[in-house]
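Let's sit down together and learn to read a protein structure, one feature at a time. Bring your questions, and we will work through them in turn.

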Amino acid sequence: MSWKSIIWNGLLVAALCLAAFLLYRIFQQYSLDEIVQSVRSIPFSTFCTALLFTAASYLCLSCFDLLAIRSLGKSLRYRNILLASFVSLSLGHNIGFAGLSSGAFRYRYYSRWGLTAEDVAKIILFCGVTVGLGLITLGGLAMIINPSDARRLLRIDSASVRAFGSLALVVPIVYAGLAFFVRGTLRLWRWSFQLPPFSIAVAQVGIGTINFMFVSACLHQMLSAFGDVAFFRSVTAYVLANSAILATHVPGGLGVLEAAVSYAVPKEASIGALIAFRCAYFFIPLALGTTLLVISEVIFRRRSRRADEEADERAEAQSV
C-alpha cells in the first residue's frame, strides 16, 4: 500500500471517528422513546412536502449535468442525464467525497453514451463550481436578509455580517462577468480555466442557488414542525451545515449535519426533525438510487449481450 493510500485511509478513519463522536454527543441528550416520539410528531403532510422539495432539489442537480454537457458542446437525452445524475448523487451524498464517488458512477453511465473520461472530469468540475456558486450566493443572501443569526454565530455586528454577505455576492457577479468578457479560456499565471458561455454561467448561479433553497426548504419543513422557524434561519443553518460537510467530507455529513444545525437553531433542531430530514434527503434517495442502479445495470448487460449476439450472427452470415 502506498503512502498516499495510507494517508487517505487515515483521513477517512479520522473523519468517521469525528462523525461517531458528534453523533454520540447529540444522541446522549435523548432517550430512544424521546427520539421515536419526536419523529412521530412530524405531520405526514409536512414530511410529504419535504419530499417534494427533495425531488425538486435532485431535478436541479440534474440540470447541473445538463448545463455541463451543453457547455462541452455535447448532446444527450435529458432522461439519460437525469438517471446518471440521480443515481450518482443519491449514492455520492451518502458515501462521502461526493465529487469522486459520484464521478465514478457518472463515468459508468456517460462512457456508455459516448463521453470520454476527460468529458466526465470536466462535468464533475463544472458541477463542483456550480455547487460553490450556489452555496456562496445563498449564503450571501442569508447574511444580508437575516443578519441576526449569522451575527450570533460569527460573534460580529450586523453591519459586518451584511458586508460579508455583499462580498459573497460579488463572487457570482465576477464569475458571470468573466464569462461575458473573456469568452473562452481564462489564464492566471500557470493555470488556465475554460469559462462557459455567459448564458450558461448565469444559469449556473441561478440553478445552484435554487437547488440549495429547495434543500433548505426541506430542512425548514422538519424544523417548523417543532417551532416557528423563519425560512432564512433554516437557510443559515443549512449553509453552515453544508459548508462543514464539504470541509470534512464525512460520508453523508453524518454527525456534522446534526451538530451544525443544532448549533445554528438549538431550540427547534429536535433530533426527530434532523432524523426526518436525513431520511427525506439522504436515505430515501439512496434506496431509490440503489434500486435504479441495479435495474439499469441489468438492462445494460442484457443490451450488451444482445448486441454481441447480433454481431456474432452478422459475422457468421458474412463468413458464409
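This is a predicted model: local features need pLDDT of at least 70, side-chain atom pairs count only at pLDDT 80 or more; totals for chains, interfaces and linings use all residues.

Q: Which residue forms a salt bridge with Lys74?

A: The partner is Asp119, and the closest N and O atoms of the pair are 3.8 Å apart. That counts as a salt bridge because the cut-off is 4 Å between a side-chain nitrogen of Lys or Arg and a carboxyl oxygen of Asp or Glu. The pair links distant parts of the chain, 45 residues apart: Lys74 sits in the loop between H3 and helix H4 (78-95), while Asp119 belongs to helix H6 (residues 117-145).

Q: Is Asp119 buried or exposed?

A: Asp119 is buried, with 9% relative accessibility. The cut-off for buried is under 20%.

Q: How many salt bridges does the structure hold?

A: There are 5 salt bridges in the structure. Another one pairs Glu297 with Arg108, where the closest N and O atoms are 2.9 Å apart. Glu297 lies in helix H12 and Arg108 in helix H5 (residues 98-110), so this pair ties together parts that are 189 residues apart in sequence. Glu297 is buried, at 13% relative accessibility, whereas Arg108 is partly exposed, at 37%.

Q: Which residues are linked with Arg108 in a network of salt bridges?

A: Arg112 and Glu297 are linked with Arg108 in that network.

Q: Where do Lys122 and Glu118 lie?

A: Here is the general idea. An α-helix has 3.6 residues a turn, so residues three or four places apart point the same way. In this structure, Lys122 and Glu118 both lie in helix H6, 4 residues apart, which is about one turn of the helix. They form a salt bridge, with the closest N and O atoms 3.4 Å apart. Lys122 is partly exposed, with a relative accessible area of 42%, and Glu118 is exposed, at 51%.

Q: Is Arg106 buried or exposed?

A: Arg106 is buried, at 3% relative accessibility. This arginine has its place in helix H5. The C-alpha atoms of Arg106 and Ala121 are separated by 9.5 Å, and the two residues are 15 apart along the chain.

Q: Which residues gather in a patch of positive charge on the surface?

A: The patch is made of Arg77, Arg79, Arg301, Arg302, Arg303, Arg305 and Arg306. Its largest share, 5 residues, comes from helix H12 (residues 271-319). Take Arg303, which lies in helix H12: this residue is exposed, with a relative accessible area of 52%. To join the patch, a residue needs over 30% relative accessible area and no salt bridge.

Q: How many helices and strands does the chain have?

A: The chain has 12 helices and 2 strands. From the N terminus on, its elements run α-α-α-α-α-α-α-α-β-β-α-α-α-α. Of its 320 residues, 43% count as buried.

Key. Residues are numbered from 1 along each chain as its sequence is written. Side-chain values use heavy atoms; hydrogens and water are left out. Patches are made of residues with over 30% relative accessible area and no salt bridge: like charges are joined within 9 Å, nonpolar side chains (Val, Leu, Ile, Met, Phe, Trp, Tyr) within 5 Å. Accessible areas come from the Shrake-Rupley method with a 1.4 Å probe; for residues, only the protein chains shown count as cover. Lys and Arg count as positive and Asp and Glu as negative; His and the chain ends are not counted. The place of a charge is taken as NZ of Lys, CZ of Arg, CG of Asp or CD of Glu. Buried means under 20% relative accessible area, exposed over 50%, partly exposed in between (1.4 Å probe, protein chains only).
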